[in-house]
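This report is a first reading of one structure for someone who has not seen it before. Please look over the sequence and the model before going on.

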Amino acid sequence: LKTAPPSVWKYKDLLPIAIEPVSIREGGTPLYKCDRLAAKIGIKELYVKHEGMNPTGSFKDRGMTVGVSKAIELGMKTVACASTGNTSAALAIYGAKAGIPSVVLLPAGKVALGKIGQALMHGAKVIMIKGNFDDALALVRELCEQEPIYLLNSVNPYRLEGQKTIAFEIVDQLGFKVPDRVVLPVGNAGNITAINKGFKEFVTLGITDKRPKMTGIQTEGACPIVKAYKADADDITPEKNPETIATAIRIGDPVNARKALIAIKESGGMAESVTDDELVQAQKDLAQLEGIGVEPASATSVAGLRKLVEAGLISKDETVVCVTTGHLLKDPEEVISVCVEPVTVEANLEALRKAVFE
Ligand code: F0G
């Protein structure tokens, strides 16, 4: 364990797959120490685990390498999922690598361009649903109950087994130290549940002796888990019309909500929401202070940390890891809409000088 570089399959002894896995070198993403961002937020030690550096540009690859391997192990002939985009991109690619067809259901008009491009190019059957993600998930669950199609949303426990390796890698990359807190975006709430499981397993195995406080961030337009957490409720009230610029987490009825609330409470963490403006500011800070390019949903982790530090709810002395879940290039349209427009000038030096120095 101590010598090999981090990657999902470095931890194969802790993963429930007996065959040679369907793999395209997922995991092993960088853990950046972010001193400039830490100074801006006012915290002593901040790291960013950049999951956008996975092969398809999101953490979903960790779940799909395990999930699609399990589908093959079980002899399933077709795989399917509903998705806000990233899960569909990952399923398409691992389906292609495994040589089995994949079907993906997406909420029409609400999926970032890069993700649709990936699903299409890697050969998934892409079906746009006239409804939101929650509608698409309900539909694909029904279809998979009636047909011999293997469902690979995060209701599938093998997906979460793959994603728990984020926790293993964080410990590994910090030299077998456990951070005080892990902050991450929450949508369907599988990832926070999975990462919490990973940290718990390391404690059970005697590799570590403590766990970080799991802190989940949603957007104000789609935050059923934050509302339940603040009301001290065991379950959520679904939101009918979730809306946010962070389309990846535009989810009103997260399937893993109960498990996520347990993970947050038993680890001593918390849940908080941020506005779209706050997450865009965090996205720019990550990009311009640290060179880390993320999609909008991913920036909620940093926006949430900043809000909680400012509110005095997180101590400045904590060692914190923010997980950035997806790459900037996933959603180029959002980037264009929130950044200054480029200038166009005549092709001569005078015009160029004017543009550069004015
Ligand atoms: N960040 C990104 C970039 C995501 O794509 C997602 C989920 C999340 C965070 C939230 O993770 O659902 O485990 O709480 N995207 C799913 C999808 C829903 O279909 O790609 P979660």
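Two strands are said to pair if DSSP finds at least two bridges between them. Strand E4 (residues 102-107) and strand E5 (125-129) pair in this sense, running parallel over five bridges. The model described here is a predicted one.

## Two domains

The protein chain is divided into domain 1 (8-57 + 159-337) and domain 2 (60-156). Between the C-alpha centres of domain 1 and domain 2 there are 22 Å. Where the two touch, 41 residues come from domain 1 and 36 residues from domain 2. On the domain 1 side of this contact, helix H6 (157-163), helix H7 (165-173) and helix H13 (332-338) are the elements that give two or more residues. H6 has the largest share of that side, with five residues. By residue class, the domain 1 side divides into 17 nonpolar, 14 polar and ten charged residues.

## The ligand

Which residues are closest to the ligand? They are Ser83, Gly187, Asn188, Thr325 and Gly326, out of 22 residues that surround the ligand. Helix H3 (86-98), helix H8 (190-204) and helix H12 (296-310) are the elements that give two or more residues to this shell. The shell is made up of six nonpolar, 14 polar and two charged residues. Domain 1 and domain 2 both give residues to the shell, so the ligand lies between them.

## The sheet with E4 and E5

The pair E4 and E5 belongs to an open sheet of four strands, in the order E5-E4-E3-E6, with parallel pairing. Strand E5 (125-129) and strand E6 (150-151) are the edge strands, each pairing on one side only.

Ala124 is in the loop between helix H4 (113-121) and E5. Is Ala124 buried or exposed? Ala124 is buried, because 26 other C-beta atoms lie within 10 Å, and 20 or more are enough for that label. Setting aside neighbours within four places in sequence, the contacts of Ala124 are Ser88, Leu91, Ala92, Gly95, Ser102, Val103, Val104 and Ala119. One of these, Ser88, is 36 residues away along the chain, yet the two C-alpha atoms are separated by 8.2 Å.

## Strand E10 and its partners

Strand E10 (residues 319-324) has five of its six residues buried, so E10 is largely enclosed by the rest of the structure. E10 runs parallel to strand E2 (45-50), and six bridges join the two. In this pair, Lys49 has Val323 of E10 as its bridge partner. E10 also pairs with strand E7 (residues 181-185), in the parallel sense over three bridges. There, the bridge partner of Arg181 in E10 is Val320.

| Strand pair | Sense | Bridges |
|---|---|---|
| E4 and E5 | parallel | five bridges |
| E2 and E10 | parallel | six bridges |
| E7 and E10 | parallel | three bridges |

## Single residues in loops

Ser58 lies in the loop between strand E2 (45-50) and helix H2 (60-73). With 29 other C-beta atoms within 10 Å, Ser58 is buried. Apart from neighbours within four places in sequence, Ser58 is in contact with Glu51, Gly52, Asn86, Ala90, Thr325, Gly326 and His327. Two of these contacts, Thr325 and Gly326, are also among the residues closest to the ligand. Ser58 and Thr87 are 29 residues apart in sequence, and their C-alpha atoms are 8.5 Å apart in space.

Two other residues have a positive phi without being glycine. For Arg25, phi is about 65°; for Ala189, phi is near 75°. Arg25 sits in the segment before strand E1 (31-33), whereas Ala189 is in the loop between E7 and H8. Their surroundings can be stated in turn. Arg25 counts as exposed, because it has 12 C-beta neighbours inside 10 Å. Ala189 is buried, with 26 other C-beta atoms within 10 Å.

Methods. Residues numbered from 1 in each chain as written. Predicted model: local features only at pLDDT ≥ 70, side-chain atom pairs only at ≥ 80, totals over all residues. Near = placed C-beta within 6 Å. Nonpolar A, V, L, I, M, F, W, Y, C, P; charged D, E, K, R; others polar. Domains from an automatic or database assignment. Contact = placed C-beta atoms within 7 Å.
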